[in-house]
Amino acid sequence: MSAKNHGFPWNLLVGFILSIALTLLAVFVAFYTDFSSHVILWVIGVMALFQAIIQLFMFMHVTEGKEGIINVVNMVNSIILALIIVFGSIWVLTSGHASLH
Amino acid sequence: MSLDEFFVTGDPLIFASQIAIGLTMVGLIALITYLKRWKWLWSEWFTTVDHKKIGIMYILSGVLMFFRGGVDGLLMKAQTSRPELGLLDAQHYDEIFTTHGVIMILFMAMPMLIGIMNVVVPLQIGARDVAFPKLNAFSFWIFFAGAMLFNLSFVIGGSPDAGWTSYFPLAGKEFTPGVGNNYYALSLQIAGIGTLATGINFVVTIIKMRAPGLSWMKLPIFTWSTFITSIIIVAAFPILTIALLYMTLDRLFGTHFFTVAAGGDPMLWLNLFWLWGHPEVYIVVLPAFGMFSEVIATFARKNLYGYKSMVYAVAGIAFLSMLVWVHHFYTMGNSAAVNSIFSLTTMMIAIPTGVKIFNWLFTLRKGRIEFSTAMLWSLAFIPCFTIGGVTGVMLAMAAADYQYHNTMFLVAHFHYVLIPGVVFAVFAALYYWWPKMFGFKLNEKIGKWHFWLFVIGFNMTFMPMFFVGLDGMSRRMYTYAESTGWGAWLGFSAVGSLVMAAGFAALCYNIYWSFRYASRDVGNDPWNARTLEWATASPAPHYNFAVVPEVETLDDFWYKKKKGKTGLKKADLKPVHMPSNSWTPIVLAAAFGLVGFFLVFEWFPLAIISAIGIVVGLVANTFDYDDGYHIPVEELEEEEREWRGDLQ
C-alpha cells in the first residue's frame, strides 16, 4: 500500500461535510424561503447536481485508476438511467387522466 | 402497549405457529448446546467470509423461506378450493397473499439465486473469493436480518396486508393503521441494502478478478448473466430504497409523499415501485437463464449455440428492463401516447428473449442429450416458460390489458414466468452444482420423483387460473359464490398445489437421503462439464484454485481436458493470500435488525440507541487493519494430492 492511503483522508471529510451542508441547504431553501416553487425546484436541482459531482470526485475517485473506458460507459449509463427515471416519471404522472392537477 | 397487542392473538393457526416457533427455537438451542457446536458455528459459519459458505447459507435460507412461502400458498389454495369456505377470514387471507408474494420474490428467489451466484461465479472466473469478502458476509447477514424481521410480523404485531406491491393509499397509515406495513417498509429496506452491496460486489469481482486470459467474450454465460444482473441491481435497487424511505416517512413521521391529503400523489408510489419492480423481475430471471444455458450445454455435450447473441440478448433485456415499468399500471388511466409507447417497449422484450429460446433449442439440436435431473428441469423450462412469455405479450397490449388487469389470468401468467424461470432454474442449478458444494451428487432417482411431481403439480395448479381469470375472477378474492362456476377449476388447482408440495417434500427427502447415503466418490468433474469451476476439487477447497488457471478459449476446461492439460505442476505452487474471518458483519446486521424492529413499533429512543451501535460498528470496522493470511505451500500440496493423486 502506498503512503498516500494511510494519510488523513481530507478528501473524504471535505466531501462528507459538503454533502451534508448541501442537503441541509436544500431543506432550508425549500422550507424557509419565499421563492416561487419553480425557482426552488431549480435551486435544489442545481445543488443535487453539484452534490453528485462532489461524490464522483471525492468518494468515487473518478480521476484515479486506469479503466478510462469502463468509467465513461458507467457514467453514460448512469446519466441515461437518471434521465429515464426523472423525465419518464414526470411524463407518466402528468399526462392523461393520471394528472391530478 | 399491552402484551395482548404485541403478540398476535385470537387465531388458532397463528397460536399454533407461535408455539411451534417457540419449541423449535428452544429445541435448536438445546441441540446445538448438547452437541457442543456453538464455537464451531461461530468460527466456521457465522464469521466466515468464504464465498462458498456464504452461498450455502443463502441457499439454506432460500429453502426455508420457500417452505414458509409455500405454506402460505397452500393455505390460499385450501381457502379457495371450494366456494364460500371459511378456513381463513378476509383479513387473514390478505395477510397471507401479501407475505406469500414478498417472501417468494425477495426472500426465496433472491437468496437462492444470489447463493448460487456466490458459490459458482468466483470459481467460474478462477478467483479465490469475491472482490470484497467481508462486504459479502455483511450482505448475507443483513439480508437474513431483513428476512427474519419480516417473518416475525406474523406472530408479533401482525403481518402486512396491502399486497406485495403495497399500493397507496391502502398502504398508508390512514387505511392500515397497524404495524404490519411498517414491517414491510423496514424489512425490505434492510434486506435491500444487502442486495445492493451484493450487486456492487459482483460487478467489481467480474471486472477485476478474472483469471489471466479470461477476456469478456470467453466468460462463461452464467458469469455474464450474473454481471448484467448485478448492473441492473445497482441501477434499480436505489429506487426501491428511496420509495421505501418515503413510505417509512409517510407512515412513521406523517409526511405526505404518497397521501393525497397534503398534495402527495399515491400514483408516485406505483411509479417508483415498478421502476424498481420491473427490473427486479429481470434480476431474478437473468441469472436463471445463465444457469439453464450452462446445464443445457453440458448435457447436450455441445458448446452453447450463438454464445455472442446470447450475451447481446441479455444486455438487450437489461436495457429494455428500465423502459417498460408502466405496463404494470396501464389502467391508472394514462394518455394514449404513454400506454402505446410502453406497449411497444414491452413487446420488444420478446425479441431478445425469443433469441435465447432459439439458442437453447439449437444447442439441443443434434446434441447427445443426457436426461439427468438438472437437464430435465431445463427441458421442462422451455415450454412452460414460453406459455408464460406468450401470455405476457397478451398482457403487454394496453387495450387488451384493460380486460386482463388484476384478474387470475395475470396471476397465472406471472407464476408461469417465475416458477419455470426461477424455481426450475434453481432446482436445475442445485442438482448440477451440488457436487461442487458438498462433494456428492443428489440422488437422481429421487430427483426424478421431485421433477415429475413438481412439474405436473405446477401445471395443474396454475393452468386453471388462466381460465377462471378469463371468466372474470379477480386476483386476491378470498372467496366466491357457487354460482360463478369456478369451484371445479379451483378445486382442481388446489389438488395440483398438493402435488407440487409433494414434489418439494421429495427434494427435502433427497437432500436428507443424499447426505446420509450418497457416494462420496464423484471426482472433481462428475458431469463432464465445460467451465472452470469443475477444474478444482469437489467440494471446492477454501482457496478455490491452488494455482490460478490461464485461460485460452471459451469453455477452456473442456479443451484442456481433451488435450490432457488439467494437471498441476508442483513447481507452480506459491503461498495463497486469503481474507480472515470477521465478526463485524453479523454484529452490524443484528444492529440493523434491532433498529428495524424498534422503528416498526415506533419506539424511537430504543431505535436511536441501536442506531448508535451501527455507527460504532462501522467506525470500529475502519480500524480493522487485518490483511488476511497466507496458506503455506506444504498445506496446498497436501490438499491437492488428496484428490489429484500425484502432482507433476
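Helix axes here are lines fitted to C-alpha atoms over the stretch in contact, and angles between N-to-C directions run from 0 to 180 degrees. I kept that at hand for the helix pairs below. I also noted that the model is predicted, with local features needing pLDDT of at least 70, side-chain atom pairs counting only at pLDDT 80 or more, and totals for chains, interfaces and linings using all residues. Residues are numbered from 1 along each chain as its sequence is written, and chains are lettered from A, ligands numbered from 1, in the order in which they are written.

**Entry 1: the two chains**

I looked up chain A. It has three helices and zero strands; helices are DSSP runs of H or I with at least four residues, strands are runs of E with at least two, and both are numbered from the N terminus. Along the sequence, chain A reads α-α-α. Of its 101 residues, 3% are buried. I use the burial classes as follows: buried means 20 or more other C-beta atoms within 10 Å of a residue's own, exposed means 12 or fewer, and partly exposed lies in between, with C-beta atoms placed from the backbone.

Then I turned to chain B. I found 21 helices and two strands there. The radius of gyration of chain B is 25 Å, close to the 26 Å of the globule rule for 648 residues, so chain B is as compact as a globular protein of that length. The radius is taken over C-alpha atoms, and the rule is 2.2 Å times the number of residues to the power 0.38. Along the principal axes, the C-alpha atoms of chain B fill a box of roughly 75 × 60 × 50 Å. Buried residues account for 50% of the 648 in chain B.

I checked contacts within chain B next. Two residues are in contact if their C-beta atoms, placed from the backbone, lie within 7 Å. Among chain B contacts between residues at least 6 apart in sequence, 83% join residues at least 24 apart.

**Entry 2: two helix pairs in chain B**

Two packed helices are described by the angle between their axes and the distance between the axes. I took H10 (residues 307-321) and H12 (residues 350-364) of chain B. They pack at an angle of about 150°, with their axes 8 Å apart. H10(B) and H12(B) are therefore roughly antiparallel. Angles over 145 degrees count as roughly antiparallel, under 35 as roughly parallel, 65 to 115 as roughly perpendicular, and the rest as oblique. The crossing of H10(B) and H12(B) is left-handed, meaning that the near helix is turned anticlockwise from the far one by less than a right angle; clockwise would be right-handed.

I listed residues at this contact. On H10(B) they include B:Met310, B:Ala313 and B:Ile317; on H12(B) they include B:Pro352, B:Val355 and B:Lys356. By class, the contact has five nonpolar, four polar and one charged residues.

The second pair is H7 (residues 180-208) and H8 (residues 221-253) of chain B. Their angle is about 155°, and their axes are 8 Å apart. H7(B) and H8(B) are therefore roughly antiparallel, and their crossing is left-handed. Their contact divides into 17 nonpolar, 12 polar and one charged residues.

**Entry 3: the loop between H17 and H18**

B:His542 sits in the loop between H17 (487-517) and H18 (556-563) of chain B. Is B:His542 buried or partly exposed? It is partly exposed, with 16 other C-beta atoms within 10 Å. B:His542 and B:Asp50 are 492 residues apart in sequence and 7.1 Å apart in space, C-alpha to C-alpha.

B:Pro539 lies in the H17 to H18 loop of chain B. A cis peptide bond joins B:Ser538 to B:Pro539, with omega about -10°. B:Asn528 is also in the loop between H17 and H18. Its phi is near 55°, a positive value in a residue other than glycine. B:Asn528 is exposed, with 12 other C-beta atoms within 10 Å.

**Entry 4: other loops**

B:Pro169 lies in the loop between H6 (133-152) and H7 of chain B.

Definitions and conventions:
Ala, Val, Leu, Ile, Met, Phe, Trp, Tyr, Cys and Pro count as nonpolar, Asp, Glu, Lys and Arg as charged, and the others, Gly among them, as polar.
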